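Please open the structure in your viewer and keep the sequence panel beside it. The tour below goes from one selection to the next and says what can be found at each stop.

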Amino acid sequence: KVAIEDIPLSENNVTLMGLAKGHPTLKIQVGDVSIMKFKSSEEEYESFIQPNTYLTLVGKSAINEWNGNISPQIIIDDFELKQIWKF
């Protein structure tokens with residue numbers, strides 16, 4: 001298990017995938033690492049992209065292999081969203 005604190009979130013690094021297939025999944029891209037949250041929703045996606053929103057998570061590290069591409073991945077087990085206002 002890994003724990004990561006205060007990942008900044010926005011529409012630039014958060015994507016909702018699989019909605020049309022009935023398997024909504026959030027993908028948060030941080031550098032070369034994809035952070036995945038399965039069993040998501042449009043409402044949850046909206047909460048992830050609110051201004052000044054940060055993610056703290058506990059998850060499992062994994063390797064994603066798709067079409068011959070291999071990349072590091074973290075699968076979220078539990079998380080907390082918070083808004084941090086910086087002046």
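Select Lys82 to begin: at 32% relative accessibility this residue counts as partly exposed, a class that lies between buried (under 20% relative accessible area) and exposed (over 50%), with a 1.4 Å probe and protein chains only. The model is a predicted one, in which local features need pLDDT of at least 70 and side-chain atom pairs count only at pLDDT 80 or more, while totals for chains, interfaces and linings use all residues. Residues are numbered from 1 along each chain as its sequence is written, and side-chain values use heavy atoms, with hydrogens and water left out.

Asp6 forms a salt bridge with Lys82, with 3.1 Å between the closest N and O atoms; the term stands for a side-chain nitrogen of Lys or Arg within 4 Å of a carboxyl oxygen of Asp or Glu. This pair links distant parts of the chain, since Asp6 is in strand 1 and Lys82 in strand 6, 76 residues apart. Strand 1 covers residues 2-8, and strands here are DSSP runs (E, at least two residues), just as helices are runs of H or I with at least four residues, both numbered from the N terminus. As background, most residues other than glycine have a negative phi.

Next, select Asp77 together with Lys1 and Lys60. The side chains of Lys1 and Asp77 meet in a salt bridge of 2.5 Å, N to O. Here too the pair links distant parts of the chain, with Lys1 in the segment before strand 1 and Asp77 in strand 6, 76 residues apart. Lys60 forms a salt bridge with Asp77 as well, the closest N and O atoms being 2.9 Å apart. Lys60 lies in strand 5 and Asp77 in strand 6, so this pair ties together parts that are 17 residues apart in sequence. Lys1 is exposed, at 72% relative accessible area, whereas Asp77 is partly exposed, at 34%, and Lys60 is partly exposed, at 42%. A search of the whole structure finds 4 salt bridges.

Then show strand 5 (residues 53-66) and strand 6 as a cartoon; they run antiparallel and are joined by 14 bridges, where pairing requires that DSSP finds at least two bridges between two strands. Lys60 has Ile75 as its bridge partner in strand 6. Which residue takes a positive phi in the hairpin of strand 5 and strand 6? With 2 residues between the strands, it is Asn67 that does so, near 50°, and Asn67 is exposed, with a relative accessible area of 67%.

On strand 6 (residues 69-83), look also for strand 4 (residues 33-37), which runs parallel to strand 6 and is joined to it by 3 bridges. Ile35 has Ile74 as its bridge partner in strand 6.

For the last stop, select Glu42, which sits in helix 1 (residues 42-48) and counts as partly exposed, at 47% relative accessibility.
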